[in-house]
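Dear colleague,

Please find below the structure that I promised to hand over to you. After it, I set out what was found in it, one topic at a time.

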Amino acid sequence: ANAVLLGLFLRYKNLRNIGGWLGAFTSFMLADLVTGNYFILTLFLSIANVLNPIVTLALLRLFKLDFKEFNKGMTFLFLFIICAFGGCLASPVFAVLTIPHIPNTFMSTDRLWVDFGMWWTGEILNVIAFLPILLAIPDKKTCLRFIKDWKTLPFQPKNLTPIIAVIVSVILTHFFIGPGAIMFPIAALVLASLTYNLFFVSIINCFVCMMMYNSLTAYYIAQSPDAYLATTISVRIGLFMLALTPLTLTIISMNRQKLYHQILYLANHDGLTTAMNRRYFYEESERAVTITPIKPQQAKTVTILILDLDHFKKINDTYGHNVGDLVLQEFTVQVRKQIRDSDLFGRLGGEEFAILLKDLSLQQSVEIAQRICNTAFSTPIILEDGQILHISVSIGLSYQTLPYCIPFQQLVKRADDALYQAKEKGRNQLCLESSLQNELKMQMQHS
């Protein structure tokens, strides 16, 4: 209950008020009194329990540790150190100093160290088992994305291997029980930590900890009560360390994957506009052009747009490169509003951009290109000093029906030739490659 309460207070700030604390304390009291416990004993037990989240939250605030960053760097490890040697330690210290001296107590002054050790190790085991689940529960957006991926992506049987290995290793502890059983699941947990996300690993960890603790406790109680008391503290600390390993490995793996994707994104995108850089745009476009449809009769199409901002050098010379950068960024935003997420948009260099539109008719492609041209001309850019700057763009368009194989570079050249025509005709307009004029007229008549 203490680990869950701490997780709720960490996850939901609106619970951290007088009403939340009184509600939690009252719940502790009622739950104990219903079982027939004495009021004074219940009062001190409840105070000891509530001290756990109080002290932990106070220390997190003191050290300015943001639990939301628990999956970054060493924050995760610091969080559990504070829990283990903060709140989890405060509860048993208060308990052994007070509870042995009140009426009808179950604690004896003759064995304070045993009671202290049992309480403290029980708290840290609960924290490592249950707190990560509450902190890692995905939000609604993440859940919806997971459901979407689960429905669309093909099922991979190999993803079941880690969970099967975990279950088998836990079952083995029932047949080969003993001190070494605590190490049985470690290989399966490492495999799971490299396969699943933090939420699933937390659930698996909790399952392993509880099942292992149940098996080992039953074994040592069957041996003798003395064996149970002598080994339980060691078993709990061992399970805490066992559970810490896959959680740490999962977070390290997540951080590395995130860093890899960040580096990959920076390598493939223009730093100023966040559009694809030239190399990445060409690679992805080549891939799109060379794809062969599953059914040959289902022909696909590809449209290449080459865009060039008009008189961009004059803008740089007149207003400075910082304004030129702003123009490029604003133009990028305008373009993205006119194209789909599946379309490719890249910056080829300077003020020149390119777009690849997939699976559209020529008429649809022309409409999109014309909207980009019109939007750029009709949308003023407001500078920091209040000046209003108007820009325009010239666009060249080439179009090809697939799977007729044609080099991507040839499509780009045809669009580039059309762009040259647009500039020759006075800029701020769209031009199609010459062979497309009749095809466009036919599509418009047909529609």
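**Findings**

In this predicted model, T248 counts as partly exposed, at 28% relative accessibility. T248 belongs to helix α10, which covers residues 225-268. Its C-alpha atom is separated by 16 Å from that of L259, 11 residues apart from T248 along the chain.

**The chain as a whole**

The protein chain contains 16 helices and seven strands. Its radius of gyration is 33 Å, whereas the globule rule gives 22 Å for 447 residues; the value is well over the rule, so the chain is more spread out than a compact globule. Along the principal axes, the C-alpha trace spans about 100 × 55 × 35 Å.

Of the 447 residues, 44% are buried. The chain exposes about 24300 Å², and carbon and sulfur atoms supply 63% of that area. Among contacts between residues at least 6 apart in sequence, 71% join residues at least 24 apart.

Helix α5 runs over residues 112-136. Helix α5 is mostly covered, with 20 of its 25 residues buried.

How many of the 13 residues of α6 are buried? The number is zero, so α6 lies largely in the open. This helix comprises residues 140-152 and reaches 18 Å from its first C-alpha to its last, close to the 18 Å expected at 1.5 Å a residue.

**Aromatic pairs**

A pair of aromatic rings is described by the distance of the centres and the angle of the planes. A search of the whole structure finds 14 aromatic pairs. One of them joins F116 and W120, which are stacked, with 6.5 Å from centre to centre and 10° between the planes. Why are F116 and W120 separated by about one helical turn? The reason is that they are four residues apart in helix α5. An α-helix has 3.6 residues a turn, so residues three or four places apart point the same way. F116 is buried, with a relative accessible area of 16%, and W120 also counts as buried, at 16% relative accessibility.

A further aromatic pair is formed by F281 and Y282, and this one is edge-to-face: 6.2 Å centre to centre, with 65° between the planes. F281 counts as buried at 1% relative accessibility, and Y282 is buried with a relative accessible area of 13%.

F116 and W120 also belong to one aromatic cluster, which they form together with F85 and W113.

**Two residues with positive phi**

Most residues other than glycine have a negative phi, and most peptide bonds are trans. Against that background, two residues deserve a look. K64 is not a glycine, yet its phi is positive, at about 55°. K64 lies in the loop between α3 (39-62) and α4 (75-98). Is K64 buried or exposed? K64 is exposed, with a relative accessible area of 77%.

The second case is T274, a residue other than glycine with a positive phi near 65°. T274 sits in the loop between α10 and α11 (278-290). T274 is partly exposed, and its relative accessible area is 32%.

**F199 and its contacts**

F199 is found in helix α9, which spans residues 198-223. Which residues is F199 in contact with, leaving aside its neighbours within four places in sequence? They are I133, A136, I137 and P138. From C-alpha to C-alpha, F199 and D110 are 43 Å apart in space, and they are 89 residues apart in sequence.

With kind regards

Note on methods. Residues numbered from 1 in each chain as written. Predicted model: local features only at pLDDT ≥ 70, side-chain atom pairs only at ≥ 80, totals over all residues. Heavy atoms only, no water. Phe/Tyr/Trp six-rings, centres within 6.5 Å; stacked < 30°, edge-to-face > 60°. Buried < 20%, exposed > 50% of the residue type's maximum accessible area, 1.4 Å probe, protein only. Rg over C-alpha atoms; globule rule 2.2 N^0.38 Å. Contact = heavy atoms within 4.5 Å. Areas by Shrake-Rupley, 256 points an atom, 1.4 Å probe, with all protein chains shown as cover. Expected span 1.5 Å × (residues − 1).
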